[in-house]
Amino acid sequence: MSVVFVVLPLALLFVGAGVWAFVRATLSGQYDDLDTPALRMLHDDDGEIKK
Amino acid sequence: MSTSLQLGTTEVRSGADAAMRTAPACAHCGLATASEASDHTAEHVFCCSGCEMVYSMLQSHGLGQYYALPQRRERPARSSGRSYEEFDHATFASLYIRETADGLSRTELYLEGVHCASCVWLVERVPLLLSGVARAELNIRRSLATVEWDAGTLPLSQIARTLDTLGYQAHPFRGVSRDALRQTENRRLLARIGVAGAIAINVMLAALALYSGERNGMDDSYQRFFRWVSLLLTLPAFAWPGRVFFTGALSAFRTRSLHMDVPIAIALAAGLVRGAVNTITNSGPVYFDGLAILIFALLVGRFLQLRGQRLASDSAEMLHALAPSSARIVDGDRVREVPTAALLPGMVMDVRAGECFAADGRVTEGSSSINAALLTGESRPTRVTVGDPVFGGTLNIEAPIRVFVEAAGEESRIARLLQQVEESAQRRAPVVLLANRLAGIFVAVVLVAAVLTFVIKWQYAPQRALDDAIALLIVTCPCALALATPLAITVAIGRAAGNGILVKGGDALELLSVPSTLVLDKTGTLTEGQTTLVAWSGPLWVQPLVHALEVGSSHPLAAGFRRAWGDTSVLSATQSQHFAGNGLEGMVDGTFVRVGAPRWVMAHAHTPHAEIDVALQGLDPSLTPVCVAVDNEVVACAGLGDAIRADALASLRILRHKGWRTIMLSGDSPAVAATVGKTLEFEPSAVSGGNAPEDKLAFIERCKARGERVVMVGDGVNDASAIAAATVGIGVHGGAEACLANADVHLTRPGLATLVELIEGTERTARVIKRNIAFSVAYNLIGGGLAIAGMLTPLIAAVLMPASSITVVVASWMSRTFPQQSERQS
């Protein structure tokens with residue numbers, strides 16, 4: 001028995017986890033708007049009142 | 001103006017500073033203020049009251065940090081002051097507002113004027129400004145704000161008013177339900193691509209092991225293991241991402257039409273079945289790596305195609321959102337706004353100058369002139385007074401009037417016309433794209449070749465016959481062919497959109513590349529669609545005097561003078577008086593000036609003027625004549641009318657040279673149509689005037705019945721049904737909503753030069769498509785030849801198939817179908 005027979009299915013499990021995460025993120029709408037979040041992160045946290 | 005303008009720099013300037021003569025910057029938008037207009041004793045100065053209001057609103061809510069944002073919009077906050085009352089109406093709610101799961105209301109608003117990070121910041125802080133708003137999110141690319149709020153405590157109109165105060169006018173977004181559908185479709189396609197890509201990469205890794213093992217002598221147990229891994233990885237790629245091709249092929253079979261999906265499905269199925277059998281029996285080649293990449297590449301192509309088309313139809317949607325959605329009705333002694341959909345016969349509408357009528361009716365109060373060009377194509381304004389009928393969609397030019405509504409909504413003339421438009425759009429036969437026409441031939445050729453290979457090989461080398469026939473089926477999978485057209489079209493649609501040409505479907509691009517019959521509307525398409533000064537005979541020193549008088553008038557003819565000479569006059573007029581139906585008089589620069597209808601001006605003049613009489617006789621009959629008298633002496637005459645677009649003749653010449661047959665259909669009187677036709681070098685038989693919308697439609701239908709391809713170019717509702725019926729309909733800049741909704745192409749830049757740009761772009765696109773098809777056929781001939789000769793190994797197949805697709809992708813991307821935006825601007 002070579003190590004390949006064990007490691008390869010294990011690697012494929014990781015691939016499966018990554019694919020599952022991607023599909024979940026896509027279907028929940030993370031890739032719908034690629035422009036606005038890039039601008040939004042430029043803003044500092046708000047809510048504090050500055051006079 | 002510098003972008004790093006901070007609050008501190010806008011401090012009050014002392015008297016000594018005044019010597020520098022720098023105007024203080026507005027504390028909100030950072031633009032220079034008119035120094036005399038601002039109060040120098042105040043802590044901050046503002047360029048306008050709008051900016052001041054926004055500033056105090058932000059400060060009082062603790063949102064002053066807006067002014068520390070690195071990138072701010074340097075534009076005064078001009079509020080429109082609209083009440084947005086119609087946003088609270090029940091009809092509006094049923095059209096645009098949806099309930100969310102947690103009892104809130106949700107709508108999408110199209111905002112005018114959002115463009116940078118500070119806009120995102122400001123719009124998304126609306127919940128802090130108004131209690132009751134739960135969430136506001138802005139999509140900057142689409143200028144769409146999604147708002148969720150508690151309808152019980154806060155009316156939508158107040159949210160809209162707040163956005164308006166901030167300088168963003170809100171419009172209801174009409175595509176809400178379709179948008180949700182698209183979104184799920186988009187997400188699913190993206191997820192499919194991700195899965196297909198991940199699988200393709202892993203199958204390729206397994207294939208790498210197999211190929212290198214083949215060369216160096218791999219243990220049989222390893223080889224069997226990697227084959228099984230490839231098979232088990234490929235199966236899900238077929239089961240989910242790849243299924244779209246099988247369902248596509250199946251529906252093509254059902255409708256008995258051939259589609260590119262059919263040969264793709266055949267190749268994929270042949271490859272999978274043969275590979276699975278070979279894996280189980282542990283003999284012969286497997287093609288899993290090639291198949292997995294194929295699925296991935298085809299899905300990416302499909303995604304790009306979808307995105308390109310949506311970009312164009314989205315932009316068109318935004319233009320619709322700008323159309324007026326409300327009307328003001330008179331309710332006792334107050335006037336309130338209601339959505340157009342809520343208008344009923346029996347109501348009385350209040351229509352200001354410059355507004356559109358929202359329904360059909362009769363004038364009950366006031367008199368004005370209206371522009372019915374939208375409905376009739378007649379470019380000259382018509383006078384209406386109490387008792388005269390007016391129609392929805394036409395424009396009130398001169399004075400406020402009240403209208404008793406007789407027919408609204410579905411019953412109005414414009415709605416009936418639009419219904420006709422929809423019907424003719426539905427009757428239109430779908431266009432079969434070149435690639436899909438090729439699909440039929442392709443399937444036949446490949447199947448025959450595969451059968452022949454099998455039969456002939458069976459005689460000589462029976463053990464290789466099946467493998468080679470199947471290899472042929474797989475390697476000729478028309479991947480590149482399927483990508484050839486959509487990619488070229490997607491790239492072209494994207495580039496065209498950057499140039500202000502919105503193309504809604506790929507078929508239009510293909511159809512426009514071959515010259516056929518081009519039918520053009522006159523008003524607004526070949527001409528400017530607005531009254532302007534066209535002819536002038538008389539001394540030039542008179543012009544400033546006339547200008548001074550006309551600047552103060554709201555008459556459409558006065559607007560024509562202003563369009564020619566500008567909105568501000570050097571001289572000013574005093575004691576100016578308006579005589580309805582006749583003209584204007586007043587004192588300018590110490591002289592008494594009278595401008596108006598020749599009959600009226602002549603009647604008041606001392607002496608008849610022979611020279612002016614001759615000039616009047618020689619005036620184009622399509623123009624409205626105007627005479628000018630200075631100190632009761634007739635000195636000049638002018639002709640005002642709808643001027644022909646400056647680039648019209650040159651553009652038409654280019655198109656005619658390319659082989660297009662040009663025809664002009666006008667709703668205007670035959671005499672006017674004939675003069676315009678003559679100037680633009682139309683053949684007399686190709687010009688027709690006095691056409692009602694129905695006549696235009698009938699003309700298009702007659703042409704199509706003869707088997708001709710007709711391209712219709714127009715701008716008004718009167719062209720809409722013809723545009724919808726035509727093989728390709730093109731709506732021009734400034735056109736009516738109905739016309740744009742049904743047009744396949746929408747030109748957002750004025751002038752006919754854009755039309756030439758479009759046609760030339762389609763010609764180049766057609767060349768790119770043909771080149772792509774030639775590439776893919778060449779690759780298929782090589783691959784097919786190798787397969788028939790029995791020299792095709794899975795490795796060659798796995799290299800050949802993606803290589804052909806990549807060639808096509810690169811060739812499409814590098815193509816110059818439409819000039820790129822930056823090139824055009826420079």
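**A close look at H8 and H9 of chain B**

Modeller: Helix H8 (residues 243-254) and helix H9 (residues 261-281) of chain B have axes that come within 8 Å and cross at roughly 125°. Axes here are lines fitted to C-alpha atoms, for helices over the stretch in contact, with angles from 0 to 180 degrees between N-to-C directions. Angles under 35 degrees count as roughly parallel, over 145 as roughly antiparallel, 65 to 115 as roughly perpendicular, and the rest as oblique. Helices (H or I, at least four residues) and strands (E, at least two) are DSSP runs, numbered from the N terminus.

This is a predicted model: local features need pLDDT of at least 70, side-chain atom pairs count only at pLDDT 80 or more, and totals for chains, interfaces and linings use all residues. Residues are numbered from 1 along each chain as its sequence is written, while chains are lettered from A and ligands numbered from 1 in the order in which they are written.

Back to the pair. H8(B) and H9(B) cross in the left-handed sense (the near helix is turned anticlockwise from the far one by less than a right angle; clockwise would be right-handed). From H8(B), the contact takes B:Phe245, B:Phe246, B:Gly248, B:Ala249 and B:Ala252. They meet B:Asp261, B:Val262, B:Ile264, B:Ala265 and B:Leu268 of H9(B). Contact means C-beta atoms, placed from the backbone, within 7 Å. By type, the contact of H8(B) with H9(B) has eight nonpolar residues, one polar and one charged. Ala, Val, Leu, Ile, Met, Phe, Trp, Tyr, Cys and Pro count as nonpolar, Asp, Glu, Lys and Arg as charged, and the others, Gly among them, as polar.

Helix H22 (residues 648-658) and helix H27 (residues 753-788) of chain B pack at an angle of about 25°, with their axes 8 Å apart. That angle makes H22(B) roughly parallel to H27(B). Their crossing is left-handed. H22(B) brings B:Ser651, B:Ile654 and B:Leu655 to the contact, and H27(B) brings B:Ala753, B:Leu755, B:Val756 and B:Ile759. Here the tally is six nonpolar, one polar and no charged.

Next, the strands. In strand E26 (residues 728-731) of chain B, B:Val728 and B:Ile730 point one way, B:Gly729 and B:Gly731 the other, and all are buried. Buried means 20 or more other C-beta atoms within 10 Å of the residue's own; 12 or fewer is exposed, in between is partly exposed, and C-beta atoms are placed from the backbone. In a regular strand, side chains alternate between the two faces of the sheet. E26(B) pairs in the parallel sense with strand E25 (residues 710-714) of chain B over four bridges. There, B:Val711 stands opposite B:Val728. E26(B) also pairs with strand E27 (residues 745-747) of chain B, parallel over two bridges. B:Gly731 has B:His746 of E27(B) as its bridge partner. Strands pair if DSSP finds at least two bridges between them.

Chain B also holds an open sheet of six strands, in the order E7-E6-E8-E14-E9-E12, with antiparallel pairing. Its edges are strand E7 (334-339) and strand E12 (389-390), each pairing on one side only. Within this sheet, strand E9 (residues 360-365) and strand E14 (residues 401-407) of chain B pair in the antiparallel sense over five bridges. B:Phe404 in E14(B) is the bridge partner of B:Arg362.

Two loops deserve a check. Most residues other than glycine have a negative phi. B:Asp589 has a positive phi, near 55°. B:Asp589 sits in the loop between strand E19 (583-588) and strand E20 (591-596) of chain B. It is partly exposed because it has 13 C-beta neighbours inside 10 Å. B:Glu681 also has a positive phi, near 60°. B:Glu681 lies in the loop between helix H23 (670-679) and strand E24 (687-688) of chain B. With 11 C-beta neighbours inside 10 Å, B:Glu681 counts as exposed.

Chain B has 29 helices and 27 strands. Of its 826 residues, 48% are buried. Chain A has two helices and zero strands. Buried residues make up 2% of its 51 residues. Across the interface, 21 residues of chain B contact 24 residues of chain A. Helix H3 (117-124), strand E3 (133-139), helix H6 (176-216) and helix H7 (220-239) of chain B each supply at least two residues to the side that touches chain A. H6(B) gives the most, with eight residues. That side of chain B divides into 12 nonpolar, seven polar and two charged residues.

Conventions. Contact = placed C-beta atoms within 7 Å.
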